[in-house]
Amino acid sequence: MEDAQLAALLVRRCVAGDAVAWEEIVQRYHRRIYNLCYRFAGSADDAQDLTQEVFIRMYRTLNSYDVGRGAFMTWVTTLTRNLLVDHFRKTKHDRLTDSLDATTSDHPDAMTLGDRIPDEGPPPDSGVQSRETKETVHEALQKLSPELREAVILRDLQDMDYREIATVLKVPEGTVKSRINRGRAELARLLQRTYRQVM
Amino acid sequence: MPGKEDNRMSCSEFDALLSQAIDGTLAGDRLSEFENHARVCKLCGPLLHEAEAGRSWLKSLTEVEPPDQLVSNILLRTSGVLSSRHVTGEHVPTSWLGRIRNWAGVLASPVVVMARQPRFAMSFGMAFFTLSVTLSLAGVKLSDLRHMDLRPSSIRRTYYETTGRVVKYYENIRFVYEIESRVRQFKEAATPAEQPSEQQNNNDRKNKTKNDTSGQPDQKQERNYSQEGNRPIFAASLPIYRGPEPVRFSTVGAPEPTVVSVTTCRRFS
Ligand SMILES: [Zn+2]
């Protein structure tokens with residue numbers, strides 16, 4: 001059975017009161033939602049809270065999902081994204097004060113961006129990435145504006161196509177593409193700038 | 001001049017094709033025009049390289065592992081049903097230990113969720129204190145609880161034993177109180193109404209605590225714990241130990257009370 005069909009079936013069963021179907025939905029989508037939240041919000045704790053909130057909202061509004069109006073995945077992503085926007089607004093003040101501190105990492109022993117970026121930065125696809133390098137990229141991602149960040153996350157980490165992203169973000173496809181381009185370029189500039197400072 | 005129309009492609013056209021080019025879906029004349037523009041335009045050339053590099057960095061980020069308890073926390077806060085094993089417990093024979101664990105989970109979950117709320121935390125602390133005092137007076141050592149046999153049969157046995165002891169203790173206390181009140185009556189008869197009746201105050205206080213709690217099940221439980229300790233430890237929780245709860249998952253439109261909880265459970269376990 002195709003993913004979309006299976007999802008539609010699960011939703012129908014779930015709305016009819018089938019707890020097993022609901023658990024199946026949670027099992028199938030929690031990883032993806034958690035990763036989306038983690039990459040956008042930056043911290044594992046926030047990601048965990050947000051993922052729970054997403055499922056609570058999903059549970060309450062599942063009967064409003066209309067199979068005819070689009071893929072369940074798009075609906076779920078839209079739901080998640082709306083919560084991420086709320087979260088971003090709510091934590092704006094905290095972030096402004098936090099930004100005075102150098103690092104945004106969860107780990108107390110985290111080094112600054114500059115400490116970890118490799119010299120000359122070997123192209124990321126050229127080999128095994130160290131945990132530190134990934135952490136650095138993750139940190140740099142948090143420095144992007146939310147509009148650019150969400151666009152590149154949905155495209156490059158969640159592998160959504162432009163049309164789906166346009167539906168989730170409620171902007172034209174051209175805008176989506178432009179944000180993805182700018183987001184990717186800005187990320188590369190951030191990482192390059194950091195390692196140039198070190199040299 | 002960078003940014004100016006070059007060849008036959010403008011910078012805005014280049015920008016529109018950039019994602020396609022990076023995706024590798026650009027071909028033919030459009031691709032060669034695109035590559036030409038990238039070579040000569042001082043704005044678009046670097047943009048292409050940066051966008052490619054940025055994409056590579058992003059692709060290097062692998063999926064992270066969600067915390068182990070995330071799914072159970074979600075289920076707990078939505079359907080209230082811990083796992084499908086629990087739901088189908090009556091039909092599918094599960095391991096004996098697993099069933100106990102499920103019951104314990106379902107039993108404990110609303111209590112734990114409630115206890116995490118600040119307004120209940122204090123009451124729970126007080127309840128636990130009262131409980132431990134009562135138990136120690138009744139001859140149950142808290143250190144013994146660690147080694148307690150948790151099989152349902154032995155829990156039931158412990159319950160009756162504890163009940164017996166507590167009832168005995170209660171009877172003794174009542175005896176002492178009765179003697180005390182007789183003595184007080186003697187005193188009052190001897191001296192005119194000088195002291196405001198202490199007993200009256202105690203009664204008032206008791207009534208107050210009783211009136212404070214509403215009819216909600218969770219608060220009822222809390223009240224049981226904090227009530228002077230004249231109920232044994234398992235009196236409040238044991239009746240629920242009847243076996244797997246029926247499926248509480250009803251309709252999505254009418255969420256369970258557990259769903260409404262606003263507190264987050266990220267450090268739940
Ligand atoms: Zn150009």
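**Contacts between the two chains**

Tutor: This is a predicted model. Across the interface of chain B and chain A, 14 residue pairs are in polar contact, both residues being at pLDDT 80 or more.

Student: Which helices of chain B supply at least two residues each to the side that touches chain A?

Tutor: They are α1 (11-23), α3, α4 (70-77), α5 (84-87) and α12 (257-260) of chain B. The largest share, eleven residues, comes from α3(B). By kind, the residues on that side of chain B divide into 23 nonpolar, 15 polar and ten charged.

Student: Why is the pair B:E63 and A:R31 called a salt bridge?

Tutor: The closest N and O atoms of B:E63 and A:R31 are 3.4 Å apart. The cut-off is 4 Å between a side-chain nitrogen of Lys or Arg and a carboxyl oxygen of Asp or Glu, so the pair qualifies. The count between chain B and chain A is six salt bridges.

Student: What is the extent of the interface between chain B and chain A, in residues and in buried area?

Tutor: In contact are 48 residues of chain B and 53 residues of chain A. The buried area is about 4,900 Å², and carbon and sulfur atoms give 63% of that.

Student: How do you know that the length of helix α3 of chain B agrees with its number of residues?

Tutor: Helix α3 has 17 residues (44-60), so at 1.5 Å a residue the span should be 24 Å. The end C-alpha atoms are 24 Å apart, which agrees.

Student: Which residues of α3(B) are called buried?

Tutor: Those under 20% relative accessible area; among them are B:L47, B:L48, B:E50, B:W57 and B:L58.

Definitions and conventions
Residues are numbered from 1 along each chain as its sequence is written. Chains are lettered from A and ligands numbered from 1 in the order in which they are written. This is a predicted model: local features need pLDDT of at least 70, side-chain atom pairs count only at pLDDT 80 or more; totals for chains, interfaces and linings use all residues. Side-chain values use heavy atoms; hydrogens and water are left out. Helices (H or I, at least four residues) and strands (E, at least two) are DSSP runs, numbered from the N terminus. The expected span of a helix is 1.5 Å times one less than its number of residues. Buried means under 20% relative accessible area, exposed over 50%, partly exposed in between (1.4 Å probe, protein chains only). Contact means heavy atoms within 4.5 Å. Buried area is the accessible area (1.4 Å probe) that two parts lose on being put together, summed over both. A polar contact is a pair of N or O atoms within 3.5 Å; within protein, one must be able to donate a hydrogen and the other to accept it, and residues adjacent in sequence count only if both atoms are side-chain atoms. Ala, Val, Leu, Ile, Met, Phe, Trp, Tyr, Cys and Pro count as nonpolar, Asp, Glu, Lys and Arg as charged, and the others, Gly among them, as polar.
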